[in-house]
Amino acid sequence: MSKFNLNSIDSYSYEPLRKQVYNVLREAILKGELMIGEKITEMEIADELNVSRTPVREAFRMLEQEELINIIPQQGVFIAGIETKKEIDDIFQLRTELEGLAAFLAAKKINEEQKTLLKEYTKELENCIANDDQRGCIRVDIAFHRIIKEASNNRWLEKFLDTLFEQATRFRHSSFSRQGRMQEFLSEHMELAEAINSGDADKARKCAEDHIKAAWNSILTVFKKENN
């Protein structure tokens, strides 16, 4: 049984193996499949992806340049976490504004299929939280916010949010570690879905902004404790 549950390498792809390994690992990191602080080794990744250690080593160097992993001599390779408070503030300041705008637009433009999906993802999120499945929560949260982005029907807004969301996902485990946060997380999603599905654009914007601010504050609380 695989340890990390990574996507498999496409043996028919024309991309170099190092790039394929890099893409698989990068996606796993940004989606929270590989958690902040988790240790990974060349041998484990090579075995899981059924490749030699050389492309894994090259992929590690590429990920280190993006500051997605830390390579620490004599200790190993670790998934990178939050470096500074400013990094958190910069990302979440922008997310608050843009997620609010996306929710506002989505409430005006969402179709019936998208409304149904928002409801379904809210139920899935409830199940994940009941089972204390943090990885599952992250996967559902990504899908939930993707529907809102798509419903906003603004291509450039989607692109900007994709970049911010990828970076914010790295912090999600820290947010969930605060006691009571997961239940708040569920309530925020339920309120946001209801506002969008009812077509209340102003309420949807406020719910989205409050949701991002709550995540921001939760992450800062954990960050301050860990860095005292």
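Domain bounds are those given by an automatic or database domain assignment. For this chain, the assignment gives domain 1 (15-77) and domain 2 (83-225). The structure is a predicted model, in which local features need pLDDT of at least 70 and side-chain atom pairs count only at pLDDT 80 or more, while totals for chains, interfaces and linings use all residues. Residues are numbered from 1 along each chain as its sequence is written, and side-chain values use heavy atoms, with hydrogens and water left out.

The centres of domain 1 and domain 2, taken over C-alpha atoms, are separated by 27 Å. Across the two domains, 13 residues of domain 1 are in contact (heavy atoms within 4.5 Å) with twelve residues of domain 2.

The largest pocket holds about 220 Å³ of space. A pocket is defined on a 1 Å grid over the protein atoms alone as an open set of points where a 1.4 Å probe fits, with protein on both sides within 12 Å along at least five of seven lines; lining residues have an atom within 4 Å of a point. The volume is the space filled by probe spheres set on the points, which are joined across faces, edges and corners. Ten residues line this pocket, and Lys 31, Ile 142, Asp 162, Phe 165 and Glu 166 are the closest to its centre. Two or more lining residues come from each of α1 (17-30), α6 and α7; helices here are DSSP runs (H or I, at least four residues) numbered from the N terminus. The largest share, four residues, is given by α7. By class, the lining comprises three nonpolar, one polar and six charged residues, with Asp, Glu, Lys and Arg counted as charged. Because both domain 1 (15-77) and domain 2 (83-225) give residues to the lining, the largest pocket lies between them.

The largest nonpolar core has 48 residues, and Phe 92, Leu 118, Ile 148, Leu 192 and Ile 196 have the most contacts inside it. Such a core is a set of buried Ala, Val, Leu, Ile, Met, Phe, Trp, Tyr and Cys residues joined through side-chain atoms within 4.5 Å, where buried means under 20% relative accessible area (1.4 Å probe, protein chains only). Two or more residues of this core come from each of α4 (85-109), α5 (112-130), α6 (134-152), α7 (155-169), α9 (181-197) and α10. Another core, of 24 residues, lies apart from the largest one and includes Phe 4, Val 24, Leu 30 and Val 77.

Ser 218 is placed in helix α10 (residues 201-226). Ser 218 is buried, with a relative accessible area of 1%. Leaving out residues up to four places away in sequence, Ser 218 touches Ser 175, Arg 178 and Arg 181.

Terms used: Buried means under 20% relative accessible area, exposed over 50%, partly exposed in between (1.4 Å probe, protein chains only).
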